[in-house]
Amino acid sequence: MQNISEIEELIKLISKLPGLGPKSAKRIILKLINNRDELVKPLANTLALVYKNVARCNSCGSLKSNSNGCVNCDNKKKYTKICVVEDIADQWSIENSNIFQGYFHILGGTISSVGQRKEDLLINSLVERVNRDNIEEVILATSATVEGQTTAYYIQDSLKNTKTKITKLAQGLPVGGEIESLDDGTLFSAFKNRSNLRSNSD
Ligand SMILES: [Zn+2]
């Protein structure tokens, strides 16, 4: 490689993306350089737009565009269920499988993830949403990892002063199974056989 500082910097940045090491980063950069007008320019513009206009919603944790608001929160349909997941990728998997009709709430991680504190997760706003939207069931769809289960337990405790029913995805989830990597069949049975942690206290 020639020592071009811009390219070196780009390799460093692209290598930080999931699934990409320095080798694939170099391949991507060559592709970019060979397609300056078709790829580099629109990519740079689109990234700038995303940086400017797209952010996580402070209330539900999903992605929202400044121009359209939050699709999750501004949904005209009124649901009675809310599904709590760790990451946006989990929401996308569940949406794609069409198993669940309701609101999503994205925590933004788990309690024991490295450097992740419970204050960083959107738990207070979950309690607010449950009360404000008269939610009848909160489905905890955190991973079957120690962190996921610790987080589920903590959320259950945080919801103790609400009236909602609380359920958790079935234990049939593979241990260590992250929601986003589950196939539709496994997700379907995990939803269908979800266990009751607390009944509606009305
Ligand atoms: Zn939102």
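Modeller: We will go through the domains, then the sheet, then the core.

Modeller: Keep in mind that this is a predicted model. The protein chain is divided into domain 1 (5-55) and domain 2 (81-196), with 33 Å between the domain centres, taken over C-alpha atoms.

Biologist: In what order do the five strands of the open sheet run?

Modeller: Strands of a sheet pair through backbone hydrogen bonds, either parallel or antiparallel. Here the order is E4-E3-E5-E6-E7, and the pairing is mixed. Strand E4 (103-106) and strand E7 (195-198) each have a single partner strand, so one side of each is left without a neighbour in the sheet. From one strand to the next the twist averages 30 degrees.

Biologist: In which sense do E3 and E4 pair?

Modeller: Strand E3 (residues 81-85) pairs with E4 in the parallel sense, over four bridges. To find the place, look for Ile-82, which stands opposite Tyr-103 in E4. Helix H5 (residues 124-132) packs on the sheet and touches E3, E4 and strand E5 (137-140). The direction of H5 makes about 170 degrees with that of E3.

Biologist: Which residues have the most contacts inside the largest nonpolar core?

Modeller: In soluble globular proteins, nonpolar side chains tend to be buried together. The largest nonpolar core here has 30 residues, and those with the most contacts inside it are Cys-83, Val-84, Val-85, Val-138, Leu-140 and Ala-141. Helix H6 (146-158) and helix H7 (184-192) are among the elements that give two or more residues to this core. E3 gives the largest share, four residues.

Biologist: What does Leu-140 touch?

Modeller: Leaving out residues up to four places away in sequence, Leu-140 touches Val-84, Ala-152, Ile-155, Ile-166, Thr-167, Lys-168 and Leu-169.

Terms used
Residues numbered from 1 in each chain as written. Predicted model: local features only at pLDDT ≥ 70, side-chain atom pairs only at ≥ 80, totals over all residues. Domains from an automatic or database assignment. Pairing = 2+ DSSP bridges. Axes fitted to C-alpha atoms, helices over the stretch in contact; angles between N-to-C directions. Contact = placed C-beta atoms within 7 Å. Core = buried A, V, L, I, M, F, W, Y, C linked by C-beta atoms within 7 Å. Buried ≥ 20, exposed ≤ 12 C-beta atoms within 10 Å, placed from the backbone.
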